[in-house]
Amino acid sequence: MQTPLENATIVVFDVETTGLSPRSGDRICEIGAVKLKGTVEFGRFQSLVHPERAIPARVTAIHHITDAMVAGAPRFRDLAADLLGFAEGATLAAYNAAFDVAFLNEELRRIGTPPWEAPPLDILVLARRFLPGMRHPLWQVAQVLGIPFPTQHRALADVEVTAEVFRRIVAKMGEGGLPTLEELLMLGAPRSVKAPREVDPALRGLVEQAIELSLRLRIRYASTAKRELTERVIDPKDIIESHGAEYVVAHCHLRKEERSF
């Protein structure tokens with residue numbers, strides 16, 4: 001059964017965090033969400049979150065959230081019920097959804113709550129489909145679409161822009177009739193590839209976030225040609241597909257040139 005988009009409830013959300021990896025102990029320090037009926041907003045949720053660990057200075061430099069700002073904020077366990085109640089019955093959507101959902105589910109795991117298992121809608125994937133021929137950090141997509149974006153890397157501001165990107169893409173799709181929710185979920189599913197094994201969507205989300213924030217990554221690279229494992233520092237620039245596999249295009253500091261991994 002297909003759900004007309006105008007009847008679908010979608011919660012667009014974003015998290016700011018203490019780092020890139022929930023598996024390594026990084027935590028949420030801000031959540032923002034906007035609830036839509038189709039493309040029309042009818043609710044908001046926003047809160048700073050005490051991450052129960054220090055926020056590194058290099059991360060504060062990106063989102064400008066300090067330890068002092070979150071000192072009196074609720075811990076995730078204290079706002080989880082309100083957040084889940086806000087999103088109950090909705091489809092979650094985000095820009096680079098694998099990243100945000102991975103952090104959400106790690107926080108839920110910490111408090112003994114079942115993970116969010118319903119498939120999310122990835123608006124980054126929709127942007128890649130319907131705005132080809134460009135790179136797709138949120139600020140650049142907003143610029144191309146003429147969407148003001150005065151405050152970046154704060155949860156609610158990013159959500160507001162993401163929701164507007166979603167509206168513009170749906171309007172573009174609607175030239176041939178509005179898609180159903182199920183069609184959107186198919187088109188905007190967080191991508192994973194089997195080559196030769198399924199890529200963890202959370203790992204792909206981490207790389208996407210590093211590209212968005214212009215952050216360096218330290219990787220272990222297994223060379224099939226030389227049969228060796230090396231540690232490298234890279235500046236990731238893009239993710240490309242070739243022959244059914246995905247590759248990270250990055251400046252490699254070891255080789256001092258652009259490489260694909």
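**Exercise 1.** Find how S1 and S2 pair, and over how many bridges.

*Solution.* S1 and S2 are antiparallel partners joined by nine bridges. Two strands count as paired if DSSP finds at least two bridges between them. Strands (E, at least two residues) and helices (H or I, at least four) are DSSP runs, numbered from the N terminus.

The model is predicted: local features need pLDDT of at least 70, side-chain atom pairs count only at pLDDT 80 or more, and totals for chains, interfaces and linings use all residues. Residues are numbered from 1 along each chain as its sequence is written, and side-chain values use heavy atoms, with hydrogens and water left out.

**Exercise 2.** Work out the strand order of the open sheet and which strands stand at its edges.

*Solution.* The five strands are ordered S3-S2-S1-S4-S5, with mixed pairing. Strand S3 (40-48) and strand S5 (121-122) each have a single partner strand, so one side of each lacks a neighbour in the sheet. Next, S2 (residues 28-37) runs antiparallel to S3 over eight bridges, and Glu-30 stands opposite Leu-48 in S3. On the other hand, S1 and S4 run parallel, joined by three bridges; Ile-10 stands opposite Thr-91 in S4.

**Exercise 3.** Decide how many residues of S1 are buried (under 20% relative accessible area, with exposed over 50% and partly exposed in between; 1.4 Å probe, protein chains only).

*Solution.* Nine of the nine residues are buried, so S1 is largely enclosed by the rest of the structure. Both faces are covered: Val-11 and Phe-13 are among the buried residues on one side, Val-12 and Asp-14 among those on the other.
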